[in-house]
Structures are given as C-alpha cells and as structure tokens.
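Here is a short report on side-chain pairings and strand geometry. Please read it alongside the sequence and the coordinates.

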Amino acid sequence: MKLIRFGQAGETGTGVIIDDVKYDTSAFGEDYNERFFETGGLARLEKFVKDNKGSLPKINDNERLDSPVARPSKILCIGLNYADHAKETGAAVPAEPVIFMKSTTSLCGPNDNIVIPRNSVKTDWEVELALVIGKKASYVSEAEAMDYVAGYVLHNDVSEREFQLERAGTWDKGKGCDTFAPLGPFLATKDEIGDVDNLRLWLKVNGQTMQDGTTANFIFKLPYIISYVSQFMTLLPGDVISTGTPAGVGMGFSPSVYLKPGDVVELGIDGLGTSSQTCVAWSK
C-alpha cells in the first residue's frame, strides 16, 4: 500500500494511493500514528480498503499533502552514511553510524515551503531514504531488524550548516528548525519496494541536478542501522529513521552554494515519488 495524509494542518485526513489515484480513507477512523502501527493498523487498513474499494471517495489532486506519518515520537538520522558525502564535507568515513535527531516540530508536508531560519546564511539540502518503524524495537538483532520496518518514505533532511557545525555542541540545532523535515509524498509499505539497497535518489535546485546517487553506496545497510540504533534507545511504532545522503550537498561545492528565498528544491527516490519545496524567508 501507499499511505498518504492530506489537508491543512490540524485538519488532516488519511488516504491511500491505488493505481496512481488518491482515495480518502478517513472513514477508517484512525490516523497513521504510533497507535495505528502498534496495533496492526496496516493489516486493518488493507482489509478496509479491500472491503470498500468501490466506494472510497477520491481526493482532489489539488489537496495539500501532509507528512504520511502523524507526528512520531522521534525523527532519527544517520550522518555520513555515503563515503562520497563524507569526502565532500571533509569528514572521515565513520567507524560506527553517526546518530542525530531532528525535532518533531521540523516535520512538514512534502510540498510545503522550506522556511529559511532567522539569521541563516547556510541552509542546505539532503535527499534521503527514510524508513518508518512498525513495532516496538529494543536490542534487536541485525537478522531480525527488517521485521520491524513498516515502510519507506522520501525525506529532505534540510540543514543549516552554520548552526550545525560552527555554533558548538551537537548537530541537532542545525537540523531541527521548522520545516526542515519535508516527508512524503507517501509511505510505501515494504512490499511496494523491490531492492531497497539499489534505489536511485536525486535532488535538483532550480532545475539543476545537485545530487544523483544510489542506496547501493550505503556505508551501513538498513538492518545494521536499525539494530545499532536499537542498542541505544527504544524505537517506537511510527518512528522515522533517515539513512543519510549522497554527495552533492551545497556545502560540498567550491565555493559552497546555499538556499535562498525563491529557490525551488525538487527531489525523488525510485518507487517513493517526488516532492518539491519553495524556499521562503522567515517572518513573524
């Protein structure tokens, strides 16, 4: 299945995509949140869609899409998970996964504006494959790790490099600004994606290709990442883990290139659709 959430913030409905058509599943009566995943919601939703396929209302193509996952308990990210990206940023290839968090308030819809933060001069882009946890995971083995995955989603790990790297402390302050986690357009369940270790991912700024990579170049594969993270914290259903970005980020160019108001960022991953964000300046 392909799961979507739609409508304005605070008035979000749920839906699915079938044969490229969006259908409203709000009558199902559940949001796509922690409880939904924890209680076998994917199986219940699949049955609901099958039983009601002929009567599901269509969703207007002009409707705003929200994050396909309701506000999760955590948005976790793996840094420097592609050797070419580590090289372009001047960082060493990590011996273990680098873990950081994005605030849940950074979450937004796939086509919402990116708000460049107040006093920002180094807002950057990062196309990433993200996975969504389907059941509670703690100290899981690498062999069983993929059993805990509900599905996959496209993510732009927007980053403010000065806040992240030049303001002391952890990376989090440059990663968690409002609108810095556009997610979607949809959550694809595992059966929708073939070889997750061989997906093309790309990103353009104002029509110019900046990133063009493949998950075949992961340093740390998904089972290892899930198992590794679960050694340090409990993963809850609906939690998001973003798995790193390939080369081509703004800070990697010479001279560096950063986002400014009016810029348009487009990105996509094989099987996970595309998204587009317009950059706007922060205002009260």
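## Aromatic pairs

The count of aromatic pairs comes to nine. One of them joins Phe28 and Phe36 in an edge-to-face arrangement, with 6.2 Å centre to centre and 85° between the planes. Phe28 is buried at 14% relative accessibility. Phe36 is buried too, at 0%. The model is predicted, and these values are computed from it.

The rings of Tyr224 and Tyr228 form a stacked pair, because their centres are 5.9 Å apart and their planes meet at 25°, with stacking requiring planes under 30 degrees apart. Both residues belong to helix H5 and are four residues apart, so about one helical turn separates them. Tyr224 is partly exposed, with 29% relative accessibility. Tyr228 is buried, with a relative accessible area of 13%.

Which residues do ring pairs link into a cluster? They are Phe28, Tyr32, Phe36, Phe37 and Phe48.

## Charges over rings

Arg118 places its charged end over the ring of Trp282, 5.0 Å from the ring centre. Lys204 lies over the face of Trp202, and here the distance to the ring centre is 5.7 Å.

## Salt bridges

How many salt bridges does a search of the whole structure find? The search finds 16. Among them is the pair of Lys74 and Asp239, whose closest N and O atoms are 2.8 Å apart. This pair links distant parts of the chain, 165 residues apart. Lys74 lies in the loop between strand S4 (65-66) and strand S5 (75-79). Asp239 lies in the loop between helix H5 (222-230) and strand S17 (240-242). Both Lys74 and Asp239 are buried.

Arg161 and Asp124 form another salt bridge, with the closest N and O atoms 2.8 Å apart. This pair also links distant parts of the chain, 37 residues apart. Arg161 is in helix H4 (residues 161-166), and Asp124 is in strand S9 (residues 123-124). Both Arg161 and Asp124 are buried. Arg161 and Asp124 also belong to a network of salt bridges that links them with Lys102, Glu126, Asp157 and Lys175.

Asp263 forms a salt bridge with Lys260, and the closest N and O atoms are 3.1 Å apart. Lys260 is partly exposed, with a relative accessible area of 48%.

## Cysteines

A search of the whole structure finds zero disulfides. Why does Cys77 form none? The closest cysteine sulfur to that of Cys77 is in Cys177, at 13 Å, which is too far for a bond. A disulfide needs the two sulfur atoms within 2.5 Å. Cys77 is buried, with 0% relative accessibility.

Cys108 counts as buried at 6% relative accessibility.

## The S15-S16 hairpin

Strands S15 (residues 200-205) and S16 (residues 208-214) run antiparallel and are joined by six bridges. Leu201 stands opposite Gly213 in S16. The two strands form a hairpin with two residues between them. In the turn, Asn206 has a positive phi of about 55°.

In a regular strand the side chains alternate between the two faces of the sheet.

Phe6 lies in strand S1 (residues 2-6). Is Phe6 buried or exposed? Phe6 is buried, with a relative accessible area of 9%.

Ser73 is 67 residues from Phe6 along the chain, and the C-alpha atoms of the two are separated by 20 Å.

Conventions
Residues numbered from 1 in each chain as written. Predicted model: local features only at pLDDT ≥ 70, side-chain atom pairs only at ≥ 80, totals over all residues. Heavy atoms only, no water. Buried < 20%, exposed > 50% of the residue type's maximum accessible area, 1.4 Å probe, protein only. Pairing = 2+ DSSP bridges. Salt bridge = Lys/Arg side-chain N within 4 Å of Asp/Glu carboxyl O. Phe/Tyr/Trp six-rings, centres within 6.5 Å; stacked < 30°, edge-to-face > 60°. Lys NZ or Arg CZ within 6 Å of the ring centre and 35° of its normal.
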